[in-house]
Amino acid sequence: MLQIPFTDARIAPGTVLSWSLRTQRSPLSGEEDQAVARTSASFNQDKHHSSSQATRSTSDGIASSITITFEIDGPLDVAALESSFLLLVRRHEVLRCEFRRLAGDLNCTALSPDSISLEAEEVGRFPTPEELHTHLDKEFKSLDTLSWPLFLMGAVVRESHTTVYLCFDHIVCDGMSMPVVVNELQTAYSALAGGRRPELPPVASYLTFGDTQRRRWSALRPDDERLAYWKGFIARNGGFFPRFPFDIGVPDGRLYPLVNRGHRLLDAERTEALAAGARAAGGSVFTGVLAAAATAQRRLGGPAVYRGLLPVSERSEAVWEHSVGWFVNTMPIEFEVGAAGEDGVQGHAATMAGVRAAYTEMQRHTAVPFVRAWELLAPEAFSLHHWPFAVNFFSYIDFRRTPGGERHPLWNPTMHVWAARGNGVSHWFHRTAEGLHVNTLHVDTPEAQQISDALNDELVRVLREIGDRRDGAASPVPIPRPARARGGLLSGTRE
């Protein structure tokens, strides 16, 4: 699965079919017999919803979505695809939810599976890629966090193959849910088109996860010893949020339009070399990429101690592996950058060792929800509806190891993350069968563009250094020192 901006998607023209979610009652009618679950929303969902609600009438409206596309070869069996969509919705409660804020708390109500149906529409034929892209882009940006339903489904149909698409508001899913959805739909479609009953793995409800999380952590207080990891980080960092260490031309507290860019950093062969080099130093691709990102920052004038936020998957139990939801916590991580990252093998190995130790320690404290820690330890910033300034953010996923990952080259799935506005720089690193990639969202300023380009170039240089020293004992090669940029410059399945 490749994560790229939707502007980079290449979808051939065809006839667009869409399916809309329908229910036998209004989600807000209050009829109890068709609601199988009413629970508290998760902390992530609550913060996302309140931010969307509070900024609805402002120029800084909070909105974000995750879109996936994938391919089905041959003439489309429309009935089989529609049945696959309906099965997906009925298996995952969070996709049947509507949210209401009652007495300050955000409640989540899931409609019963039998109350849900789909309404198909032939939207029409789009003869050029440009017209198709304009239509789909408008559709994807029409999702509304405060309106039901919270996702949309469709397909671009041709005689030889079909491109299936789904777009979700972030409140119902995370990035790791996307390969789950692709695998489930492809498996169900293949079975139904062949006249067989789909055999799908068991799933658990994200509503249960979120409600349990709220019940467990709502009583947490600032003096609780379980916040010790966060408090130590705050003391050394000088605040709750770790700043992105370069000037990107954005005053604190303001949001800007975002630039969305995707790059392949290493091809498959170079990525294998990186893996071998990282192993020789006692690490992995994940530790190698994070160490390389920190080293690239250091070489461009960044700090000798890397501090950043890292999304951490909460799918540690097998019951969540095939479930759709927002199973992501966010944690701080800090480690020293070995010898300023400039002494070859030894420097990279030392930095990777620091990453391993820091990540191991961080994992001992991941139960505390990020939103709850934010509320308790930085209450002055919690009233904001976004992070207060540009934050150092790093995410890595190996999509080959997700459900159905071995068939991604056949299905050609792509993921498109979109956010309306922001104030920083975010990097989503991911590995596919084709190599190592990064999707970057940054504010649309000259300074952000400049440092993003410089970091990308330096990062590739460092990754190649690690890969070129796979025996762990090669002689260091002189490294050119790039000029400092003028004006200053989620984590999922790992190896």
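**Exercise 1. In what order do the five strands of the open sheet lie, and which pairing do they show?**

The structure is a predicted model, in which local features need pLDDT of at least 70 and side-chain atom pairs count only at pLDDT 80 or more, while totals for chains, interfaces and linings use all residues. Residues are numbered from 1 along each chain as its sequence is written, and side-chain values use heavy atoms, with hydrogens and water left out.

Step 1. Helices (H or I, at least four residues) and strands (E, at least two) are DSSP runs, numbered from the N terminus. Two strands pair if DSSP finds at least two bridges between them.

Step 2. The order is 13-16-17-10-15, and the pairing is mixed.

Step 3. Strand 13 (394–398) and strand 15 (421–422) are the edge strands, each pairing on one side only.

Step 4. Strand 16 (residues 425–432) and strand 17 (residues 435–443) run antiparallel and are joined by eight bridges. Opposite W428 stands N439 in strand 17.

**Exercise 2. Find the helices that lie on this sheet.**

Step 1. Contact means heavy atoms within 4.5 Å. Axes are lines fitted to C-alpha atoms, for helices over the stretch in contact, and angles run from 0 to 180 degrees between N-to-C directions.

Step 2. Helix 7 (residues 268–280) lies across strand 10 (256–267), strand 16 and strand 17, at about 80° to strand 10.

Step 3. Helix 13 (residues 446–468) also packs on the sheet and touches strand 10, strand 16 and strand 17; its direction makes about 15° with that of strand 10.

**Exercise 3. Locate the cis peptide bond and the residue with positive phi.**

Step 1. Most residues other than glycine have a negative phi, and most peptide bonds are trans.

Step 2. The bond joining W148 and P149 is cis, with omega about 0°. P149 is in the loop between helix 3 (129–140) and strand 8 (151–157).

Step 3. N412, a residue other than glycine, has a positive phi near 55°. The loop between helix 12 (408–411) and strand 14 (414–419) holds N412.
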